[in-house]
Amino acid sequence: MTRQPVYRSTYHQRGAALLTGLIFMVILTLLGITAARMAGLEERMSGNMRDRALAMQAAEMALRDAERDIMNSGRISGLTNFVPACTDGLCYNGVGGYAQAVWTTVSMTAAPSVAFGTHTAAAAIGGLSAQPRYLIEGIRRTPPGGGEAFYYRITARAQGANPNTVIWLQVVFKP
(Lines give C-alpha, C1' and ligand atoms only; values in the text may rest on other atoms or scores of the structure.)
Protein backbone atom coordinates (compact mmCIF):
# COMPACT_ATOMS: atom_id res chain seq x y z
CA MET A 1 0.00 0.00 0.00
CA THR A 2 1.44 3.30 -1.02
CA ARG A 3 0.55 6.53 0.58
CA GLN A 4 -0.53 9.44 -1.40
CA PRO A 5 0.79 12.89 -0.35
CA VAL A 6 -1.88 14.96 1.34
CA TYR A 7 -2.32 18.44 -0.06
CA ARG A 8 -4.62 20.92 1.50
CA SER A 9 -6.92 22.61 -0.82
CA THR A 10 -7.37 26.35 -0.68
CA TYR A 11 -11.08 25.74 -0.83
CA HIS A 12 -11.07 24.36 2.75
CA GLN A 13 -9.51 27.48 4.40
CA ARG A 14 -12.02 29.75 6.08
CA GLY A 15 -9.80 32.74 7.27
CA ALA A 16 -9.70 31.74 10.95
CA ALA A 17 -6.22 33.26 11.42
CA LEU A 18 -7.39 36.59 10.02
CA LEU A 19 -10.46 36.66 12.25
CA THR A 20 -8.40 35.74 15.33
CA GLY A 21 -5.83 38.42 14.51
CA LEU A 22 -8.52 41.08 14.08
CA ILE A 23 -10.15 40.22 17.42
CA PHE A 24 -6.73 40.35 19.07
CA MET A 25 -6.03 43.76 17.52
CA VAL A 26 -9.42 45.12 18.72
CA ILE A 27 -8.66 43.94 22.27
CA LEU A 28 -5.19 45.54 22.18
CA THR A 29 -6.66 48.79 20.84
CA LEU A 30 -9.24 48.91 23.65
CA LEU A 31 -6.51 48.27 26.23
CA GLY A 32 -4.39 51.07 24.74
CA ILE A 33 -7.28 53.54 24.77
CA THR A 34 -8.12 52.65 28.38
CA ALA A 35 -4.48 53.08 29.44
CA ALA A 36 -4.29 56.48 27.73
CA ARG A 37 -7.51 57.64 29.41
CA MET A 38 -6.28 56.47 32.83
CA ALA A 39 -2.98 58.30 32.34
CA GLY A 40 -4.83 61.50 31.44
CA LEU A 41 -7.11 61.14 34.46
CA GLU A 42 -4.17 60.54 36.78
CA GLU A 43 -2.38 63.58 35.34
CA ARG A 44 -5.41 65.79 35.99
CA MET A 45 -5.75 64.39 39.52
CA SER A 46 -2.12 65.09 40.34
CA GLY A 47 -2.44 68.60 38.87
CA ASN A 48 -5.46 69.25 41.09
CA MET A 49 -3.60 67.95 44.14
CA ARG A 50 -0.66 70.21 43.35
CA ASP A 51 -2.96 73.21 42.92
CA ARG A 52 -4.70 72.44 46.23
CA ALA A 53 -1.33 72.16 47.98
CA LEU A 54 -0.29 75.51 46.46
CA ALA A 55 -3.50 77.15 47.72
CA MET A 56 -3.03 75.57 51.17
CA GLN A 57 0.52 76.92 51.42
CA ALA A 58 -0.67 80.37 50.31
CA ALA A 59 -3.41 80.35 52.98
CA GLU A 60 -0.84 79.34 55.63
CA MET A 61 1.39 82.19 54.48
CA ALA A 62 -1.56 84.60 54.75
CA LEU A 63 -2.16 83.48 58.35
CA ARG A 64 1.52 84.09 59.18
CA ASP A 65 1.37 87.46 57.42
CA ALA A 66 -1.65 88.46 59.54
CA GLU A 67 0.23 87.39 62.70
CA ARG A 68 3.15 89.61 61.65
CA ASP A 69 0.65 92.39 61.00
CA ILE A 70 -0.67 92.03 64.58
CA MET A 71 2.77 91.83 66.16
CA ASN A 72 4.90 94.24 64.12
CA SER A 73 2.86 96.71 62.08
CA GLY A 74 2.11 99.04 64.98
CA ARG A 75 -1.47 99.51 63.87
CA ILE A 76 -2.89 96.93 66.31
CA SER A 77 -2.71 97.31 70.08
CA GLY A 78 -5.55 95.69 71.98
CA LEU A 79 -8.57 96.73 69.99
CA THR A 80 -7.11 99.97 68.62
CA ASN A 81 -8.37 100.61 65.05
CA PHE A 82 -11.05 97.90 65.32
CA VAL A 83 -14.57 99.07 64.50
CA PRO A 84 -17.88 97.17 64.36
CA ALA A 85 -17.97 97.65 60.59
CA CYS A 86 -14.90 95.97 59.12
CA THR A 87 -12.32 98.33 57.64
CA ASP A 88 -8.81 97.68 56.39
CA GLY A 89 -9.01 94.02 57.37
CA LEU A 90 -9.93 94.72 61.01
CA CYS A 91 -13.30 93.78 62.50
CA TYR A 92 -14.43 94.17 66.12
CA ASN A 93 -16.25 91.15 67.43
CA GLY A 94 -18.07 93.10 70.15
CA VAL A 95 -19.00 91.89 73.59
CA GLY A 96 -21.52 89.29 72.52
CA GLY A 97 -19.88 88.39 69.22
CA TYR A 98 -21.44 88.46 65.78
CA ALA A 99 -24.80 86.85 65.20
CA GLN A 100 -23.35 85.48 61.96
CA ALA A 101 -19.71 84.71 61.25
CA VAL A 102 -18.09 87.86 59.84
CA TRP A 103 -16.18 86.11 57.04
CA THR A 104 -19.51 84.93 55.63
CA THR A 105 -20.93 88.44 55.48
CA VAL A 106 -18.05 90.50 54.04
CA SER A 107 -16.01 90.21 50.87
CA MET A 108 -12.93 88.03 51.08
CA THR A 109 -11.93 88.81 47.49
CA ALA A 110 -11.84 92.60 47.93
CA ALA A 111 -12.09 95.21 50.71
CA PRO A 112 -12.58 95.04 53.68
CA SER A 113 -10.24 92.03 53.65
CA VAL A 114 -6.59 92.84 52.95
CA ALA A 115 -4.21 91.23 50.50
CA PHE A 116 -1.10 89.36 51.53
CA GLY A 117 1.75 91.75 52.30
CA THR A 118 -0.37 94.91 52.50
CA HIS A 119 0.83 95.84 56.01
CA THR A 120 4.01 93.76 56.20
CA ALA A 121 5.58 94.50 52.81
CA ALA A 122 5.94 90.77 52.16
CA ALA A 123 6.69 89.89 48.54
CA ALA A 124 3.83 88.58 46.42
CA ILE A 125 3.44 84.82 46.13
CA GLY A 126 4.05 83.58 42.59
CA GLY A 127 1.99 81.04 40.69
CA LEU A 128 -1.41 81.99 42.14
CA SER A 129 -4.47 83.25 40.29
CA ALA A 130 -4.90 85.88 43.05
CA GLN A 131 -2.98 86.83 46.18
CA PRO A 132 -4.43 85.46 49.43
CA ARG A 133 -6.50 87.77 51.62
CA TYR A 134 -7.29 87.85 55.31
CA LEU A 135 -9.47 89.44 57.99
CA ILE A 136 -8.56 89.96 61.65
CA GLU A 137 -11.39 89.97 64.19
CA GLY A 138 -10.63 91.51 67.56
CA ILE A 139 -12.00 89.60 70.55
CA ARG A 140 -11.98 90.98 74.12
CA ARG A 141 -12.36 88.50 76.97
CA THR A 142 -12.30 88.91 80.73
CA PRO A 143 -10.68 85.81 82.21
CA PRO A 144 -11.59 84.63 85.73
CA GLY A 145 -9.82 86.80 88.28
CA GLY A 146 -10.21 90.03 86.31
CA GLY A 147 -8.18 91.84 83.73
CA GLU A 148 -8.64 91.83 80.00
CA ALA A 149 -7.31 89.49 77.36
CA PHE A 150 -7.26 90.20 73.65
CA TYR A 151 -7.48 87.49 71.03
CA TYR A 152 -7.54 87.78 67.28
CA ARG A 153 -9.42 85.42 64.97
CA ILE A 154 -7.67 85.41 61.61
CA THR A 155 -9.53 84.11 58.58
CA ALA A 156 -7.53 83.59 55.39
CA ARG A 157 -8.74 82.77 51.89
CA ALA A 158 -6.36 81.64 49.15
CA GLN A 159 -6.69 80.49 45.55
CA GLY A 160 -4.39 78.18 43.65
CA ALA A 161 -3.27 78.62 40.06
CA ASN A 162 -6.84 77.72 39.09
CA PRO A 163 -9.30 80.31 40.51
CA ASN A 164 -11.71 77.48 41.33
CA THR A 165 -9.27 76.00 43.84
CA VAL A 166 -10.04 77.85 47.07
CA ILE A 167 -8.78 77.15 50.59
CA TRP A 168 -10.08 78.80 53.76
CA LEU A 169 -8.10 78.65 56.99
CA GLN A 170 -8.82 80.13 60.37
CA VAL A 171 -6.82 80.46 63.57
CA VAL A 172 -7.27 82.21 66.91
CA PHE A 173 -4.07 84.06 67.76
CA LYS A 174 -3.03 85.43 71.14
CA PRO A 175 0.10 87.58 71.03
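Predicted model: local features only at pLDDT ≥ 70, side-chain atom pairs only at ≥ 80, totals over all residues.

Q: Why is A121 called exposed?
A: The relative accessibility of A121 is 70%, and the cut-off for exposed is over 50%, so A121 counts as exposed. A121 sits in the loop between β2 and β3 (133–141).

Q: What makes the phi of A121 worth a remark?
A: Phi of A121 is near 60°, which is a positive value in a residue other than glycine.

Q: Which residues make a nonpolar surface patch with I27?
A: The patch is made by L19, I23, F24, M25, I27, L28 and L31, and it covers about 710 Å².

Q: Why is A55 called buried?
A: A55 has 0% relative accessibility, and buried means under 20%, so A55 counts as buried. The residue belongs to helix α1 (residues 16–72).

Q: What is A55 in contact with, apart from its neighbours within four places in sequence?
A: A55 is in contact with A158, Q159, G160, T165 and I167. As for S129, it lies 74 residues from A55 along the chain, and the C-alpha atoms of the two are 9.7 Å apart.

Q: Is Q159 buried or exposed, and how do you know?
A: Its relative accessible area is 13%, which is under 20%, so Q159 is buried. Q159 is in strand β4 (residues 149–159). Neighbours within four places in sequence aside, the contacts of Q159 are A55, L128, S129, A130, T165 and V166.

Q: What makes the pairing of the side chains of Q159 and S129 a polar contact?
A: The two side chains come to 2.7 Å, and the cut-off for the pair of N or O atoms is within 3.5 Å. The side chain of Q159 also makes a polar contact with the side chain of R157, at 3.0 Å.

Q: Why is S113 called buried?
A: S113 has 3% relative accessibility, under the 20% cut-off, so S113 counts as buried. S113 is in the loop between β1 (90–92) and β2 (114–115).

Q: Which backbone oxygens lie by the side chain of S113?
A: A polar atom of the S113 side chain lies 2.7 Å from the backbone oxygen of A110. The backbone oxygen of S107 lies 3.3 Å from a polar atom of that side chain. Leaving aside neighbours within four places in sequence, the residues in contact with S113 are G89, S107, M108, R133, Y134 and L135.

Q: Which peptide bond is cis, and what is its omega?
A: The bond that joins A111 and P112 is cis, with omega about 20°. P112 is in the loop between β1 and β2.

Q: How do you know that C86 and C91 form a disulfide?
A: Their sulfur atoms are 1.8 Å apart. A disulfide needs two cysteine sulfur atoms within 2.5 Å, so the pair of C86 and C91 qualifies. The structure holds one disulfide, and both C86 and C91 are buried.

Q: Why is the disulfide of C86 and C91 called right-handed?
A: The torsion about its S-S bond is about 125°, so the disulfide is right-handed.

Q: What pattern does the chain follow along the sequence?
A: The pattern is α-β-β-β-β-β, from one helix and five strands.

Q: How many residues does the chain have, and what share of them count as buried?
A: The chain has 175 residues, of which 31% count as buried. The accessible surface of the chain is about 11500 Å², and 60% of that belongs to carbon and sulfur atoms.

Definitions and conventions
Residues numbered from 1 in each chain as written. Heavy atoms only, no water. Buried < 20%, exposed > 50% of the residue type's maximum accessible area, 1.4 Å probe, protein only. Helix = DSSP H or I, 4+ residues; strand = E, 2+ residues; numbered from the N terminus. Contact = heavy atoms within 4.5 Å. Polar contact = N/O pair within 3.5 Å; in protein donor to acceptor, adjacent residues only side chain to side chain. Areas by Shrake-Rupley, 256 points an atom, 1.4 Å probe, with all protein chains shown as cover. Patch = residues over 30% accessible without salt bridge, like charges linked within 9 Å, V, L, I, M, F, W, Y side chains within 5 Å. Salt bridge = Lys/Arg side-chain N within 4 Å of Asp/Glu carboxyl O.
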